[in-house]
Amino acid sequence: MDYYSILRRSWEIVKKHKVLWVFGLVLASFSGSTGSGGGNSSSSTKDLQKIFEQKDQIPPQTGEKISQILGAMTSDPKAFFLSLIQSIPPAFWVAFVVGVVAAVLFYLVLGIFMRNWAKGALFTLAAEADANNEVSLRKGSLQGLRAWKRLFISHLILGGGFVVSFLIIGVVIAIIFGISSIAKFLVLVPALLTIFAIFAFFIALVVVMVWSVYTDLSISLEDMPWKRALKYSWHLTKKYFWQTLMMGGINIGIGCLSSIIVLVVLGLFIGAVVVTGLTGFALRNVIGDPTTLLVGLPLVGILLVALLAVLGLFGGILQAFTSTNWVLFYGELKKQSEFPREGDKGDKSD
Amino acid sequence: MKYKLNYYHFFLRLAAWLFDSLLLALVPLLFILFVVVASRESKDTWIGILWLVWIVLFFEWIVVLLYRISTYVMFKASLGKLLAGLEIEKEDRSKSTLKDALMRFPIGYTVSSLVWGLGFFWILKDPKRKGFHDHIAGTVVVQRGSSHNIFVSLAFIFTLYLFLIFTIVRLGNERGVWSGLKNDGEHLKEQLFSLFEFSSRSKTNSIDRKTREDAANKTQNRL
């Protein structure tokens, strides 16, 4: 397998057909996790709690002084907020919950559709581009529409199956731990089982990832129904596991390299901001205070906008490139004489 | 049909979009007016603000989505586009369906809005004046009628906005809504600062006290 020629051809395709960048952008935008931004909220709540607790340490004469100066409003912010919360009508809370649920559901459904639609479109267009056919947003969009539902179902089954299997294993180990606490001679068994389960988890994860790549390619490029695609891609996974792992490793390596590039760009941006700040500070001493804001802030704003655009585009190009790698890799495998065709032994249609 | 690369077409669509956005933004603005008129004390205003946040975050996007989809399916254009003499047509001249509307609006607009609205600015470059959302949905925006009405309508809605904002500010001043909110904010700020100040003073006092205690203990030990 000539991985270098795959990468070179893939780069040519992505450079030439900028339509792939658009679907790459969509896939990159909707594939990442939302991340947990909630870590800070608990610490800020604790700080606020400390403030309210320390309020009790304020000597009584200070409290009186505050209420005299400030007049109508209660001297206790905690009491004010509590009374405000109590006066909020129940209809607001119902509307709030309904609004949150509706928004979450909408963005969840939109995210699922966009991700699978863009994936189907990207794989199909990459194959079309490789065959020197015309590629367009409209063509990709229609292909994505054909494939998105099957892609979603297949991922649901693969991911769901993986999670359920390991939950069952976890429960079994927990039961054995429970039994071993009674029968001491069994104490080694759950420990060994746990170690085995951890290894099995990582191996199963890699296998499922390889399986899902072939499923995506089978659905997008061969237009297979999801059940047949799952069976067919399982055979491909068994047959070409190590080669696929190599291709996956290359893609991950490209991803790591791009992360380094992103860090360098961020470093340059931070450097530019510092230089802008120092320039503004120097000008402030010469000309006056407003110059710092007039010169520095718009410049930082423009730099930030440009940086976000560049990073966004870069992410889209990278996603298009790695997806095209998979399509060309699959194409190379298909050229091999021992490549299993649909309808071969073990690929009975359902 | 031959298309001239016409920048006027882009600004016409921009004007239509601006009109639609201002029309839809009337909902929260009218709600602010209602809050200002109906508030009897500052707590009512704060509750009104909570409802306004809810409208902006959770209600407005549903209104926008329903407006875009329903006007496209029924009239082949939003109100702004109709006033601008524009119409959205399928390139294959087939009838617009709900599926086309869903592809153009939530999906197509999402794609066009990536990278600072690159898909919308693409209209300037595209020979058929299509944005990404038009390419995805297979549509094209054509000019059918006069575009003068959009400018008159924009002038009207700007005037309406000025009138509403002026009324809200004036009524708010008369009813003491803004001064009440300002006072509440300043009181909260002062009390929080005084609590911070007391907590840092009490920390300094406790450090001084500890230093004095340590010094007293050392002296005692020496004695």
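This is a predicted model: local features need pLDDT of at least 70, side-chain atom pairs count only at pLDDT 80 or more; totals for chains, interfaces and linings use all residues.
Good morning. I begin with Trp122(B), which is partly exposed because its relative accessible area is 29%; buried means under 20% relative accessible area, exposed over 50%, and partly exposed in between, with a 1.4 Å probe and protein chains only. Residues are numbered from 1 along each chain as its sequence is written, chains are lettered from A and ligands numbered from 1 in the order in which they are written, and side-chain values use heavy atoms, with hydrogens and water left out.

Which ring does Trp122(B) pair with? The partner is Phe132(B), and the pair is tilted, with 5.6 Å from centre to centre and 50° between the planes. Rings of Phe, Tyr and Trp (its six-membered ring) pair if their centres lie within 6.5 Å; planes under 30 degrees apart count as stacked, over 60 as edge-to-face and the rest as tilted. Trp122(B) lies in helix H5 of chain B and Phe132(B) in helix H6 (residues 132-137) of chain B, 10 residues apart. Helices here are DSSP runs of H or I with at least four residues, strands are runs of E with at least two, and both are numbered from the N terminus. Phe132(B) is buried, at a relative accessible area of 8%.

Over all chains, the count comes to 28 aromatic pairs. One of them joins Trp211(A) and Trp234(A): the ring centres are 4.8 Å apart and the planes stand at 50°, so this pair is tilted. Trp211(A) sits in helix H8 (residues 188-222) of chain A and Trp234(A) in helix H9 (residues 226-239) of chain A, 23 residues apart. Trp211(A) is partly exposed at 21%, and Trp234(A) is partly exposed at 31%. Ring pairs also link Phe92(A), Trp93(A), Phe96(A), Trp51(B), Trp54(B), Phe58(B) and Phe59(B) into a cluster.

Let us turn to chain A as a whole. Its secondary structure comes to 11 helices and zero strands. Of its 350 residues, 33% count as buried.

How do H2(A) and H5(B) cross? The axes of helix H2 (residues 19-31) of chain A and H5(B) come within 10 Å and cross at roughly 85°. The two helices are therefore roughly perpendicular, a term for angles of 65 to 115 degrees. Among the residues that meet are Val22(A), Leu25(A) and Val26(A) in H2(A), and Val111(B) and Leu114(B) in H5(B); contact means heavy atoms within 4.5 Å.

Helix H5 (residues 98-125) of chain B also holds Asp100(B). Is Asp100(B) buried or exposed? Asp100(B) counts as buried, because its relative accessibility is 11%. Asp100(B) touches Tyr72(B), Lys90(B), Lys95(B) and Ala137(B), not counting residues up to four places away in sequence.

I close with the cores. A nonpolar core is a set of buried Ala, Val, Leu, Ile, Met, Phe, Trp, Tyr and Cys residues joined through side-chain atoms within 4.5 Å. The largest has 60 residues, and those touching the most other members include Phe23(A), Trp117(A), Phe329(A) and Val111(B). Helix H6 (residues 90-130) of chain A gives the most to this core, with 11 residues. A second, separate core of 24 residues includes Phe19(B), Leu33(B), Val141(B) and Leu154(B).

Note on methods:
Axes are lines fitted to C-alpha atoms, for helices over the stretch in contact, and angles run from 0 to 180 degrees between N-to-C directions. Angles under 35 degrees count as roughly parallel, over 145 as roughly antiparallel, 65 to 115 as roughly perpendicular and the rest as oblique.
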